[in-house]
Amino acid sequence: MARFPSPSIPRGRARIAAVIASLLFAGMLTACGATNEPGAPAGGNSGVTEPSAFPVTIGHKYGSTTLERAPQRVVTVGLTEQDSLLALGVVPVGVTEFVGEYPGTVGPWAKDKLGGAPLPTVLKSPEGPSFEQVAALRPDLIIGLYSALTQEQYDKLSQIAPVIAQPDEYADYGIPWQDTTRTVGKAVGRPAAADGLVQGVEAKIAQIRKDNPRFEGATALTATVYEGYFVYGSQDPRTRVLTSLGFKLPPGLDQIIGDTFGANISMERTDLLDRDALVWLVDDSAGNRATLANDRLYSGLKVAKEKREVFIENASDYGNATTFVTVLSVPYQLDRMVPQLAAAVDGNPAT
């Protein structure tokens, strides 16, 4: 079975706020089923807060949140914010499981940023944020930027600690990695450092564009084999990596898939896949390649005949980095993907 392409965790009905209150005030500060490898997280903010960083007010989908001082115990209920925190010298006490099943959900692209600190507790909650698990970690800040928090979930989390929810100007799970990095930087008192991190990665991207003029204006798309073919829209972070390199998306893509990060396409719209470069995220490279080869419509497209495809295994470190899309994972991803993209657009089927 193919892995569901959505970055989201299925949402269920949470327990009532009285349970949260009982945890907080009765002192039931156990991990409540969370996992930690190894030891209890110490948390902390090892960097130097920049002058005039606080107080700071950060707007989001459900209003705004004001922070008076640098947080020391941060929990992320979004799926990728830990990378921005680690890049800025902050080790969160709790993080939400996403992809890769890495200890502490710290991928190989971010591991050296731990600096010997204990790994964060991993919150494994398939029904959405576990308020008991979050409360047990005694956070002084909860971050859910790359998320789909509901108003109800935001309100209940806000009874535990200040919450920064996803921005209103993007679809859920649609915040660009640059915005995540800069917002996290403001929240931990290091906005200038965050901006410097973003500029560093953007300089790498600019150099790649300069070195690969064929990318400019070529069409590209990211897709996966899931209940047919699932394509990612312009607000998906994976797609934004492609467009940042100079690629263009199929005309009218978002009108076809709607106001979301991606959607399945009908057989009648298989033409959307016929791009100068097509990135496939696959669970089973051999099996999915066979599925594509046996599809009469797809195999007849120019992209298939000329071998303009880039195949990335979901379960690999490379695949996980491609899905993560953070200030730390993007350089790791690009080092691997750019040569594949260059081969896809060079006009030579042999490559």
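Colleague: Where does Q333 lie, and is Q333 buried or exposed?

Modeller: Q333 lies in helix α13; helices here are DSSP runs of H or I with at least four residues, strands are E runs of at least two, and both are numbered from the N terminus. Q333 counts as buried because its relative accessibility is 1%, where buried means under 20% relative accessible area, exposed over 50% and partly exposed in between, with a 1.4 Å probe and protein chains only. Bear in mind that this is a predicted model, where local features need pLDDT of at least 70, side-chain atom pairs count only at pLDDT 80 or more, and totals for chains, interfaces and linings use all residues. Residues are numbered from 1 along each chain as its sequence is written, and side-chain values use heavy atoms, with hydrogens and water left out.

Colleague: Which residues does Q333 touch, not counting residues up to four places away in sequence?

Modeller: Contact means heavy atoms within 4.5 Å. On that basis Q333 touches V241, Y318, A321 and T322.

Colleague: How do I read the packing of α12 and α13?

Modeller: Two packed helices are described by the angle between their axes and the distance between the axes. Axes are lines fitted to C-alpha atoms, for helices over the stretch in contact, and angles run from 0 to 180 degrees between N-to-C directions. Here, the axes of α12 (residues 317–324) and α13 come within 9 Å and cross at roughly 115 degrees. The crossing is left-handed, that is, the near helix is turned anticlockwise from the far one by less than a right angle (clockwise would be right-handed).

Colleague: Which residues in α12 and α13 meet?

Modeller: From α12 you have D317, Y318, A321, T322 and F324, and from α13 S329, Y332, Q333, R336, M337 and Q340. By class, that contact has five nonpolar, four polar and two charged residues. Nonpolar covers Ala, Val, Leu, Ile, Met, Phe, Trp, Tyr, Cys and Pro, charged covers Asp, Glu, Lys and Arg, and the others, Gly among them, are polar.

Colleague: D317 again: how many residues separate Y102 and D317 in sequence?

Modeller: Y102 and D317 are 215 residues apart in sequence and 9.8 Å apart in space, C-alpha to C-alpha. Y102 is found in the loop between β5 (94–96) and β6 (121–123), and is buried at 14% relative accessible area. Leaving out residues up to four places away in sequence, Y102 touches G107, P108, W109, S316, D317 and N320.

Colleague: Which residues touch the most other members of the largest nonpolar core?

Modeller: A nonpolar core is a set of buried Ala, Val, Leu, Ile, Met, Phe, Trp, Tyr and Cys residues joined through side-chain atoms within 4.5 Å. The largest one has 69 residues, and F247, L334 and L341 touch the most other members. Helix α13 (residues 329–344) gives the largest share of this core, seven residues. Apart from it lies another core of 20 residues, including V225 and I265.

Colleague: What should I look for in the backbone?

Modeller: Most residues other than glycine have a negative phi, and most peptide bonds are trans. In this model, a cis peptide bond joins F54 and P55, with omega about 0 degrees. P55 is found in the loop between β1 (35–36) and β2 (56–60). R138 has a positive phi, near 50 degrees, and lies in the loop between α3 (131–136) and β7 (141–143). K307 has a positive phi of about 55 degrees.
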